[in-house]
Each structure stands twice: as structure tokens, then as C-alpha cells.
Amino acid sequence: MTIHIGAKPGEIADTVLLPGDPYRAKWAAETFLSDARLVNDVRGMLGFTGTWNGHRVTIQGSGMGMPSLSIYVNELIRDYGAKTLIRIGSCGGMQDRVKIRDVILAMTATTVSSPSSAILRELNYAPCANWDLLKSAAEAANDIGANTHIGGIYSSDVFYDERPDLNEQMVRHGILGVEMEAAELYTLAARHGRRALAVLTVSDHLITGEALPSEDRERSFGDMVEIALRAAFA
Ligand code: HPA
């Protein structure tokens, strides 16, 4: 047990999928895993461990934003020894060619500030995905026919953003989408020598103002879980 995760030693798998929403963790575990068992419910941040094609997998909610994700990922890595950590989440599209429901594989994650900024200080560190996971995810996305984009994303600290000029610069510099967690995930994985990737579904669009209807969310999010699982065990 840790401060925020109630799982006993050995109840967390080496491979952990991290949706922001704990109810999405439950849905993904029930939909994709065999013998899924609840291993954490501290603060309602549900985590489940089961198997996928014979491989042990944990699906653990990370909450919204980098400070929340940082708590779970630190404990998963340092106390439970997690080796492969894949965020599965939603993002806002930032380029015209990126459409609602498309999948984004985040090669890099730009940020203004993350919980790691306190130690990186003046460095403009470039958080990046693990290459093997990224390559395998690209192949998996191709195999299942998901409309996929690979490139940089923006990990913002705010959902209700009052600095539209920052988004404009991100769009101008080719950033594909905005979310709120990947940069810290990549930084922690790099610090501890673990593998990380963010697989994202475009749920809304900053340029067109479109949003994914709620009834469509499940199917679109399913593609993302399938890609993450195939990449983890490729
Ligand atoms: N902004 C930040 N995070 C998000 C968004 C967004 O528009 N959509 C999904 N996650």
C-alpha cells in the first residue's frame, strides 16, 4: 500500500494503462481484460488488474492534470515497480487535418510547467515517448485501421485557458492536440528508466469547436485501449 494506492505488493502489473477517468478504467478493465479485479479504490481512483491475451495488465485512473498523474505514476514506479506506462485519454484537436475521433500518438509533449519544473528549473526539457512503444502503437493503429496522427502534443496546466496566445503558438508550431498529463508522465518515465507513451482520442476541437457526442465516445475510446494493449506486448 502507498498513500494513494491501496493495492497489496504484487497486485499491480508491470504494464499499467492510465486513463484520467476512474470510470473509464472500470469500463476498459471490464471490456478488455479477463479476470479483472479491483485493486485500488482509495479516493475513488479505481484501479483493476487482469490479463489481456495472457499478459498481466493494470488499468489505473490517474485523475486530471499533471499534479494528480504525478502522484499515481510516482507510486506505481517507485513502490510497485511498474515498467511500461501508457496513458489512454482524450485531447482537443489543434490542426485542421486532425479530426474528431482520430487517434494521436504523442511523440513529444510540450509544456509550460509540470510538477517536474521545480527540478528542471531553467531547462526546456523535451519530454518524449519511448520509441519501441511508439513504433508498435503506430503499427497497431495501422492494423486496426484507426485514423492516426503521430507528432507533438501540448500538455497544458489549465482546461479553462485564459491564454489563447499560447494555443495559437502551439497550432503554428504543428502541435496536434492539447491534453493535461503526458509531459509529466514522459518526464517521470525518463527519470526512472521506464517506458511511456500517450495514446489519445480527439474528443473536441479547438479550431472547429466540434465535440464528440457522448454515445460515440465508447467505441472511439475502445480503439485507443486496443492500440495501447497491442503496443505494450508487441
Ligand atoms: N484542453 C485540455 N485538455 C483536454 C481538452 C482540451 O481542449 N480536451 C480533452 N482534454
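## Terms and basis of the model

A nonpolar core is a set of buried Ala, Val, Leu, Ile, Met, Phe, Trp, Tyr and Cys residues joined through side-chain atoms within 4.5 Å. In that definition, buried means under 20% relative accessible area, while exposed means over 50% and partly exposed covers what lies in between, with a 1.4 Å probe and protein chains only.

The structure discussed here is a predicted model, in which local features need pLDDT of at least 70 and side-chain atom pairs count only at pLDDT 80 or more, whereas totals for chains, interfaces and linings use all residues. Residues are numbered from 1 along each chain as its sequence is written, and side-chain values use heavy atoms, with hydrogens and water left out.

## Overall form

The protein chain holds 7 helices and 9 strands, where helices (H or I, at least four residues) and strands (E, at least two) are DSSP runs numbered from the N terminus. Its radius of gyration is 16 Å, close to the 17 Å that the globule rule gives for 234 residues, so the chain is as compact as a globular protein of that length. The radius is taken over C-alpha atoms, and the rule is 2.2 Å times the number of residues to the power 0.38. Along the principal axes, the C-alpha atoms of the protein chain fill a box of roughly 45 × 40 × 30 Å.

Of the 234 residues in the protein chain, 53% count as buried. Among contacts (heavy atoms within 4.5 Å) between residues at least 6 apart in sequence, 78% join residues at least 24 apart. The protein chain exposes about 10900 Å², of which carbon and sulfur atoms supply 50%; this area comes from the Shrake-Rupley method with a 1.4 Å probe. There are 22 positive and 29 negative side chains, and the centres of the two sets lie 5 Å apart, with Lys and Arg counted as positive, Asp and Glu as negative, and His and the chain ends not counted. The place of a charge is taken as NZ of Lys, CZ of Arg, CG of Asp or CD of Glu.

In soluble globular proteins, nonpolar side chains tend to be buried together. In this model the largest nonpolar core has 67 residues, and those that touch the most other members are L17, Y186, L197, V199 and I227. Helix α7, which covers residues 214-232, gives this core its largest share, 8 residues. A second, separate core has 5 residues, including Y154, M170, I175 and V178.

## Buried residues and their contacts

L76 is placed in helix α2, residues 66-78, and is buried, with a relative accessible area of 0%. Apart from residues up to four places away in sequence, L76 touches I5, I12, V16, L18, Q60, G81, A82 and L85. A13, in the segment before β1 (15-19), is also buried, at a relative accessible area of 0%. With the neighbours up to four places away left out, A13 touches T49, R56, V57, T58 and A82; the C-alpha atoms of A13 and V57 are separated by 5.2 Å, although these residues are 44 residues apart along the chain.

N167, in helix α5 (residues 164-172), counts as buried at 14% relative accessibility. Leaving aside neighbours within four places in sequence, N167 is in contact with M94, Y154, D161 and L206.

## Exposed residues and positive phi values

K8, in the segment before β1, counts as exposed at 52% relative accessibility. Its C-alpha atom is separated by 9.0 Å from that of Y80, which is 72 residues apart from K8 along the chain.

Most residues other than glycine have a negative phi. D35, however, has a positive phi of about 50° although it is not a glycine; D35 is placed in strand β2, residues 34-40, and counts as exposed at 69% relative accessibility. R43, likewise a residue other than glycine, has a positive phi near 60°. R43 lies in the loop between β2 and β3 (47-52) and counts as exposed at 71% relative accessibility.
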